[in-house]
Amino acid sequence: MNAILDNCALLEELSVKRLRGMNDGAAAEPVGPGLAAASLKTICLKELHNGPCFGPLIIGSKNLKTLKLFRCSGDWDKLFQVISGRVTGMVEIHLERLQVSDSGLAAISNCLNLEILHLVKTPECTDMGLISIAERCRLLRKLHVDGWKANRIGDDGLTAVAKYCPNLQELVLIGVNPTKISVELLASNCQNLERLALCGSDTVGDAEISCIAAKCVALKKLCIKSCPVSDHGLEALANGCPNLVKVKVKKCRAVTCKCADWLRMKRGSLAVNLDSGEPEHQDASVSDGGLLENVVEFHPVPNQMPLPSIASSSTGRSTSFKSRLGLLSGKNLVACTFRRWSGGNNSSRG
């Protein structure tokens, strides 16, 4: 790794996944920064033991814009305190299943230009950490939170986001329990909110959906999964959210096909996709596909991409690799639940 970083002076993107040599025994040998640090704009580390051994590289990458850390062991709080003091230009940060707490989030809040933040299954992060981010990272456009049913992020953190982040365009909440208090503030203050996903929430019901319908004037795409929403809440969308183009409802047992059909009739241009909860293929992990589990991929993906020929001495490995590449074809891109938004997934066609 150090040889690459020392000699590839123009390297802009580095993605490292499952390197077996990067284990606890390699703790004494740090990685980087090397000549590449000056040009690196994106660093992605996945499933590494002792991930913080890449600390010198991250700290030395002064022009770093995107940092993605997926399931990398190690104490990241202390490292973030050093990183945020030296790499302040980051605009996108993804954290999944890391040992990181509110202390780490407070350090990240020094990245005043932060626009995209994903917090996925980081149970030590609470409302206080999210408040730190919201108060200082006021350019935030996309926020994804998978609370993992830990109930440590809720109304207080989301209220701060509503208060300090008026540019918010995309909000994904999984296993988070907001109430009408924070939902109403988000809908009222974040007038640019275009994409909203609410999944696995025990508190998002008809009152919250009615509030969204009444106040989210810019909303274009709405996903609701496993929430106590009924026909009454969905009916509110008939006269609300004037820019809404797509609605996806899954595993909300109190929402009926009759209501979905009625909503399609009332708003002919609105694509309404109601899924009663049949099992789906689980083809992509959150790391591999860059998606949060149980959530739509909001951005369009090309329908087809040519796949290279794969040769391998191990048939199993070759097949596995091909199946992973198959994710790029645009088929089954979403983990566990929602398929991607696309023109081809228009439920009004049946």
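## Strand pairing at the start of the chain

Two strands are paired when DSSP finds at least two bridges between them. Helices (H or I, at least four residues) and strands (E, at least two) are DSSP runs, numbered from the N terminus. The model described here is predicted: local features need pLDDT of at least 70, side-chain atom pairs count only at pLDDT 80 or more, and totals for chains, interfaces and linings use all residues. Residues are numbered from 1 along each chain as its sequence is written, and side-chain values use heavy atoms, with hydrogens and water left out.

Strand E1 (residues 13–17) and strand E2 (residues 42–46) run parallel and are joined by 5 bridges. Leu 14 has Ile 43 of E2 as its bridge partner. In a regular strand the side chains alternate between the two faces of the sheet. Burial is expressed as relative accessible area (buried under 20%, exposed over 50%, partly exposed in between; 1.4 Å probe, protein chains only).

Phe 80 is buried at 2% relative accessible area. Residues up to four places away in sequence aside, Phe 80 is in contact (heavy atoms within 4.5 Å) with Leu 67, Leu 69, Leu 95, Val 100, Gly 104, Ala 107 and Ile 108. The model has 1 aromatic pair, formed by Trp 76 and Phe 80, with 6.1 Å from centre to centre and 40 degrees between the planes. This pair is classed as tilted (ring centres of Phe, Tyr and Trp, the last by its six-membered ring, within 6.5 Å; planes under 30 degrees apart are stacked, over 60 edge-to-face, the rest tilted). Trp 76 and Phe 80 are separated by about one helical turn, because they lie 4 residues apart in helix H3 (residues 76–86). An α-helix has 3.6 residues a turn, so residues three or four places apart point the same way. Trp 76 is buried too, with a relative accessible area of 0%.

## Salt bridges

The model contains 11 salt bridges (a side-chain nitrogen of Lys or Arg within 4 Å of a carboxyl oxygen of Asp or Glu). In the bridge between Lys 41 and Glu 12, the closest N and O atoms are 3.8 Å apart. Lys 41 lies in the loop between E1 and E2, and Glu 12 in the loop between helix H1 (2–7) and E1, so this pair ties together parts 29 residues apart in sequence. Lys 41 is partly exposed at 37%, as is Glu 12 at 42%.

Glu 96 and Arg 71 form a salt bridge with a closest N to O distance of 2.2 Å. This pair links distant parts of the chain, with Glu 96 in strand E4 (residues 92–96) and Arg 71 in the loop between strand E3 (66–70) and H3, 25 residues apart. Glu 96 is buried, with a relative accessibility of 2%, whereas Arg 71 is partly exposed at 25%. Both belong to a network of salt bridges that links Arg 18, Glu 47, Arg 71 and Glu 96.

In helix H8 (residues 206–215), the buried residues are Asp 206, Glu 208, Ile 209, Cys 211, Ile 212 and Ala 213. Their cover includes helix H7 (180–189), strand E8 (195–199), strand E9 (221–225) and helix H9 (231–235). Ala 214, also found in H8, is exposed at 61% relative accessibility. Ala 214 and Pro 242 are 28 residues apart in sequence, and their C-alpha atoms are 9.5 Å apart in space.

A salt bridge joins the side chains of Glu 184 and Lys 215 (3.9 Å, N to O). Glu 184 in H7 and Lys 215 in H8 are 31 residues apart, and the pair links distant parts of the chain. Glu 184 is partly exposed at 32%, and Lys 215 is partly exposed at 30%.

## Confidence of the model

The protein averages a pLDDT (the predictor's confidence in each residue, from 0 to 100) of 83, and 76% of the residues score at least 70. Over residues 279–294 pLDDT stays under 50, and the model has 45 contacts beyond four places in sequence for this stretch. Over residues 300–350 pLDDT also stays under 50, with 90 such contacts beyond four places in sequence.
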